[in-house]
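Visitor: I would like to know what the terms used for this model rest on. Please take me through them.

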Amino acid sequence: VALRPGCRALTTDAVVPISRLAECIEATAADLQQQGLLAPIFGHVGDGNFHAVILVNPDDPEEVQRADGVAQRLAERAIALQGSCTGEHGVGLTKQAYMSLEHGQNAVDVMAAIKVALDPRQLMNPGKIFPRGPAVD
(Lines give C-alpha, C1' and ligand atoms only; values in the text may rest on other atoms or scores of the structure.)
Protein backbone atom coordinates (compact mmCIF):
# COMPACT_ATOMS: atom_id res chain seq x y z
CA VAL A 1 0.00 0.00 0.00
CA ALA A 2 3.04 2.24 0.42
CA LEU A 3 3.32 2.34 -3.38
CA ARG A 4 0.10 4.35 -3.49
CA PRO A 5 -0.66 6.22 -0.24
CA GLY A 6 -4.34 6.68 0.54
CA CYS A 7 -5.37 3.62 -1.40
CA ARG A 8 -6.69 0.33 -0.16
CA ALA A 9 -5.58 -3.09 -1.30
CA LEU A 10 -7.93 -5.42 -3.11
CA THR A 11 -6.17 -8.75 -2.70
CA THR A 12 -6.76 -11.58 -5.13
CA ASP A 13 -5.95 -15.23 -4.57
CA ALA A 14 -5.83 -17.85 -7.32
CA VAL A 15 -4.15 -21.16 -8.02
CA VAL A 16 -3.61 -22.94 -11.32
CA PRO A 17 -1.65 -25.98 -12.41
CA ILE A 18 2.02 -25.04 -12.56
CA SER A 19 2.01 -25.79 -16.30
CA ARG A 20 -0.52 -22.93 -16.73
CA LEU A 21 0.95 -20.52 -14.17
CA ALA A 22 2.94 -18.30 -16.55
CA GLU A 23 -0.06 -18.05 -18.87
CA CYS A 24 -2.36 -16.98 -16.03
CA ILE A 25 0.09 -14.46 -14.58
CA GLU A 26 0.82 -12.94 -18.00
CA ALA A 27 -2.91 -12.61 -18.77
CA THR A 28 -3.53 -11.06 -15.35
CA ALA A 29 -0.66 -8.59 -15.77
CA ALA A 30 -1.98 -7.61 -19.21
CA ASP A 31 -5.49 -7.13 -17.79
CA LEU A 32 -4.12 -4.93 -14.99
CA GLN A 33 -2.12 -2.84 -17.45
CA GLN A 34 -5.09 -2.49 -19.80
CA GLN A 35 -7.21 -1.24 -16.89
CA GLY A 36 -4.50 1.20 -15.77
CA LEU A 37 -4.18 -0.39 -12.34
CA LEU A 38 -1.13 -0.76 -10.12
CA ALA A 39 -0.97 -4.23 -8.60
CA PRO A 40 2.13 -6.06 -7.48
CA ILE A 41 1.89 -9.77 -8.29
CA PHE A 42 3.57 -12.23 -5.96
CA GLY A 43 3.09 -15.73 -4.70
CA HIS A 44 4.42 -19.00 -3.53
CA VAL A 45 4.32 -20.20 -7.08
CA GLY A 46 5.80 -23.61 -6.38
CA ASP A 47 2.22 -24.75 -5.84
CA GLY A 48 0.71 -22.54 -8.57
CA ASN A 49 -0.68 -20.02 -6.08
CA PHE A 50 -0.32 -16.28 -6.65
CA HIS A 51 -1.84 -12.97 -5.63
CA ALA A 52 -2.30 -9.60 -7.26
CA VAL A 53 -2.67 -6.81 -4.72
CA ILE A 54 -4.67 -4.21 -6.63
CA LEU A 55 -4.10 -0.73 -5.19
CA VAL A 56 -7.37 1.17 -5.45
CA ASN A 57 -8.47 4.66 -4.55
CA PRO A 58 -11.65 3.97 -2.53
CA ASP A 59 -12.97 7.45 -3.41
CA ASP A 60 -12.94 6.66 -7.16
CA PRO A 61 -15.96 4.41 -7.91
CA GLU A 62 -14.88 3.91 -11.53
CA GLU A 63 -11.45 2.69 -10.44
CA VAL A 64 -12.99 0.39 -7.83
CA GLN A 65 -15.24 -1.04 -10.56
CA ARG A 66 -12.24 -1.65 -12.86
CA ALA A 67 -10.39 -3.40 -10.02
CA ASP A 68 -13.40 -5.56 -9.19
CA GLY A 69 -13.60 -6.51 -12.88
CA VAL A 70 -9.95 -7.59 -12.91
CA ALA A 71 -10.50 -9.68 -9.76
CA GLN A 72 -13.57 -11.29 -11.33
CA ARG A 73 -11.75 -12.10 -14.56
CA LEU A 74 -8.83 -13.56 -12.61
CA ALA A 75 -11.16 -15.89 -10.69
CA GLU A 76 -12.84 -17.00 -13.92
CA ARG A 77 -9.47 -17.35 -15.69
CA ALA A 78 -8.06 -19.55 -12.94
CA ILE A 79 -11.10 -21.84 -13.07
CA ALA A 80 -10.93 -22.00 -16.89
CA LEU A 81 -7.27 -23.05 -16.61
CA GLN A 82 -8.32 -26.00 -14.39
CA GLY A 83 -7.37 -24.16 -11.20
CA SER A 84 -9.31 -22.57 -8.39
CA CYS A 85 -10.61 -19.08 -7.69
CA THR A 86 -9.07 -19.38 -4.24
CA GLY A 87 -5.68 -20.79 -3.49
CA GLU A 88 -5.46 -20.54 0.26
CA HIS A 89 -7.68 -17.78 1.62
CA GLY A 90 -10.94 -19.66 1.31
CA VAL A 91 -14.28 -18.83 -0.23
CA GLY A 92 -15.62 -16.42 2.36
CA LEU A 93 -17.98 -13.82 0.95
CA THR A 94 -16.15 -12.72 -2.18
CA LYS A 95 -15.81 -16.09 -3.91
CA GLN A 96 -19.34 -17.43 -3.36
CA ALA A 97 -20.35 -16.44 -6.89
CA TYR A 98 -17.73 -18.79 -8.38
CA MET A 99 -18.58 -21.96 -6.46
CA SER A 100 -20.95 -23.40 -9.09
CA LEU A 101 -18.62 -22.47 -11.94
CA GLU A 102 -15.72 -24.21 -10.23
CA HIS A 103 -17.45 -27.25 -8.71
CA GLY A 104 -20.81 -27.56 -10.50
CA GLN A 105 -24.19 -26.82 -8.99
CA ASN A 106 -24.79 -30.41 -7.83
CA ALA A 107 -21.59 -30.39 -5.77
CA VAL A 108 -22.46 -26.99 -4.29
CA ASP A 109 -25.93 -28.25 -3.36
CA VAL A 110 -24.40 -31.26 -1.59
CA MET A 111 -21.92 -29.03 0.28
CA ALA A 112 -24.73 -26.69 1.33
CA ALA A 113 -26.84 -29.64 2.54
CA ILE A 114 -23.91 -30.91 4.63
CA LYS A 115 -23.45 -27.42 6.09
CA VAL A 116 -27.14 -27.24 7.06
CA ALA A 117 -27.00 -30.75 8.58
CA LEU A 118 -23.95 -29.87 10.70
CA ASP A 119 -24.95 -26.30 11.53
CA PRO A 120 -28.74 -25.94 11.30
CA ARG A 121 -28.78 -22.71 13.31
CA GLN A 122 -25.99 -21.21 11.19
CA LEU A 123 -23.72 -20.42 14.12
CA MET A 124 -20.44 -21.36 12.44
CA ASN A 125 -19.22 -18.67 10.03
CA PRO A 126 -22.72 -17.57 9.03
CA GLY A 127 -22.98 -16.44 5.42
CA LYS A 128 -19.49 -17.65 4.50
CA ILE A 129 -19.13 -20.00 1.53
CA PHE A 130 -22.92 -20.19 1.11
CA PRO A 131 -25.37 -17.30 1.29
CA ARG A 132 -27.09 -17.15 4.63
CA GLY A 133 -30.55 -18.71 4.57
CA PRO A 134 -33.14 -19.12 7.28
CA ALA A 135 -31.94 -20.97 10.37
CA VAL A 136 -33.50 -24.37 11.01
CA ASP A 137 -34.53 -25.15 14.59
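Guide: The protein chain has four helices and four strands, in the order β-β-α-β-β-α-α-α along the sequence. The model is predicted, so local features need pLDDT of at least 70 and side-chain atom pairs pLDDT 80 or more, while totals for chains, interfaces and linings use all residues. Residues are numbered from 1 along each chain as its sequence is written, and side-chain values use heavy atoms, without hydrogens and water.

Visitor: Why is Arg77 called buried?

Guide: Buried means under 20% relative accessible area, with a 1.4 Å probe and protein chains only. Arg77 has 18%, so Arg77 is buried. Buried residues make up 36% of the 137 residues in the protein chain.

Visitor: Which residues does Arg77 touch, not counting those up to four places away in sequence?

Guide: They are Cys24, Ala27, Thr28 and Asp31, where contact means heavy atoms within 4.5 Å.

Visitor: What joins the side chains of Arg77 and Asp31?

Guide: A polar contact of 3.5 Å joins them. The term requires a pair of N or O atoms within 3.5 Å; within protein, one must be able to donate a hydrogen and the other to accept it, and residues adjacent in sequence count only if both atoms are side-chain atoms.

How values were computed. Helix = DSSP H or I, 4+ residues; strand = E, 2+ residues; numbered from the N terminus. Buried < 20%, exposed > 50% of the residue type's maximum accessible area, 1.4 Å probe, protein only.
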